[in-house]
Structure formats: C-alpha cells, structure tokens
Amino acid sequence: MTYSDTMTVSHLPDPVTQPGFYQDTPVKRGLAWVIDLVFVSILVVPAVVMTAFTALFFLPLLFLIVGFAYRVLTIASGSATWGMRLMSIELRNANGQRLDFTEAFLHTLGYSISVAFAPLQLISIVLMFTSERRQGLSDMVLGTAMLNRRA
C-alpha cells in the first residue's frame, strides 16, 4: 500500500460492492430537505407570533437561525434531521460513525454556505448525483456520506 492509497482509506461502505447503501440517496435528500423546510417553518411561526409579528421584519434571518439550530441539533442527536429520518437516510463520517456535535455543526455550516451561493449549491447537487458515494460539497470536504439506514 502506497502513501496515496492510505489517503483514500474510508470506513464507509464501498459503493461498488455495497451500492444499496447509496441507492436513491440524492432523491431522498431532496425530499428530506422539503420535509425539513416544513418543520423549520412550523418552528418559526411561534417565534413570529411571540414577537407580536415584529420578527416578520427579520424573517430571513430568523429562518436562517432556526434552520441552522434545527439542523445542528437533530444531526448531532441522531446523525439525521427529522426529514432524513423519515426518508430512512443518515449521515456518517469517514470512520463510519454517526456525526457528533462538532461534525454536525461543520456539516450544517458547509450546507449553509452552499445554500448562500447558488453556484456552490448547484455544484453540490451535481456531485450528489454523479460522485461515487453520492456526496455533496460539504460531504467531500468533511469526508461524510449519506447512507440508507439498515432495516
């Protein structure tokens, strides 16, 4: 084994010998994103009401903060948001383990940066459909991957 071979060692399932772990994950991610959007919207509504609707002036910022906290906390607690859980997918790090709080925070930060810049989000989506492990940009940077949960 050469030095370059050790740089690509991963404890994630091999997409060639175990393709079922990655099957349909880009589509499931998209559906999970829609479900999570609904959950975040439900969480934002009480905040708007409790501020006597003044939060409407800062709605995009409120949505960003609530969505960021929702993603970090749900990913840190179960390696998946509620939408991901409903779609039976979860994030795993390069060691094949569930994400801890720091990894969840970094993954959410990468996702947020990608969403903020449309070209990055487009590149990330294309990578999810074309890369071997169906990884987006933040997944590639962190070494994480979205997997189908075991039955």
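1. Let's start with charge: the protein chain carries 10 positive and 9 negative side chains, and the centres of the two sets lie 7 Å apart. Here Lys and Arg count as positive and Asp and Glu as negative, with His and the chain ends not counted; each charge is placed at NZ of Lys, CZ of Arg, CG of Asp or CD of Glu.

2. A word on the basis. This is a predicted model, in which local features need pLDDT of at least 70 and side-chain atom pairs count only at pLDDT 80 or more, while totals for chains, interfaces and linings use all residues. Residues are numbered from 1 along each chain as its sequence is written, and side-chain values use heavy atoms, with hydrogens and water left out.

3. On to the overall layout. The protein chain has 7 helices and 2 strands, in the order α-α-α-α-β-α-α-α-β from the N terminus. Both kinds of element are DSSP runs numbered from the N terminus: helices are H or I with at least four residues, strands E with at least two. The C-alpha trace spans about 65 × 30 × 25 Å along its principal axes.

4. Of the 151 residues, 37% count as buried (under 20% relative accessible area, with exposed over 50% and partly exposed in between; 1.4 Å probe, protein chains only). The chain exposes about 9,000 Å², and carbon and sulfur atoms supply 71% of that area, as given by the Shrake-Rupley method with a 1.4 Å probe. Among contacts (heavy atoms within 4.5 Å) between residues at least 6 apart in sequence, 62% join residues at least 24 apart.

5. The aromatic side chains deserve a look, with 4 aromatic pairs in the structure. Rings of Phe, Tyr and Trp (its six-membered ring) pair if their centres lie within 6.5 Å; planes under 30 degrees apart are stacked, over 60 edge-to-face, and the rest tilted. One of the pairs is Phe39 with Tyr70, tilted at 35 degrees between the planes and 6.4 Å centre to centre. It links distant parts of the chain, 31 residues apart: Phe39 in helix H2 (residues 25-50) and Tyr70 in helix H3 (residues 59-78). Phe39 is partly exposed at 25% relative accessibility, whereas Tyr70 is buried at 4%.

6. Another pair, Phe68 and Phe105, is edge-to-face, with 5.4 Å between centres and 75 degrees between planes. Phe68 sits in helix H3 and Phe105 in helix H5 (residues 101-116), so this pair ties together parts 37 residues apart in sequence. Phe105 is partly exposed, at 34% relative accessible area. Ring pairs also link Phe39, Tyr70 and Trp82 into a cluster.

7. Now the nonpolar cores, meaning sets of buried Ala, Val, Leu, Ile, Met, Phe, Trp, Tyr and Cys residues joined through side-chain atoms within 4.5 Å. The largest has 9 residues, including Ala32, Ile75, Leu91, Leu99 and Met146. Leaving out residues up to four places away in sequence, Leu91 touches Ile75, Met84, Leu99 and Met146, among others, and also Arg29, Arg98 and Asp139. A second, separate core of 8 residues includes Val40, Ala55, Val66 and Tyr70.

8. Ser138, in helix H7 (residues 137-142), is buried at 12% relative accessibility.
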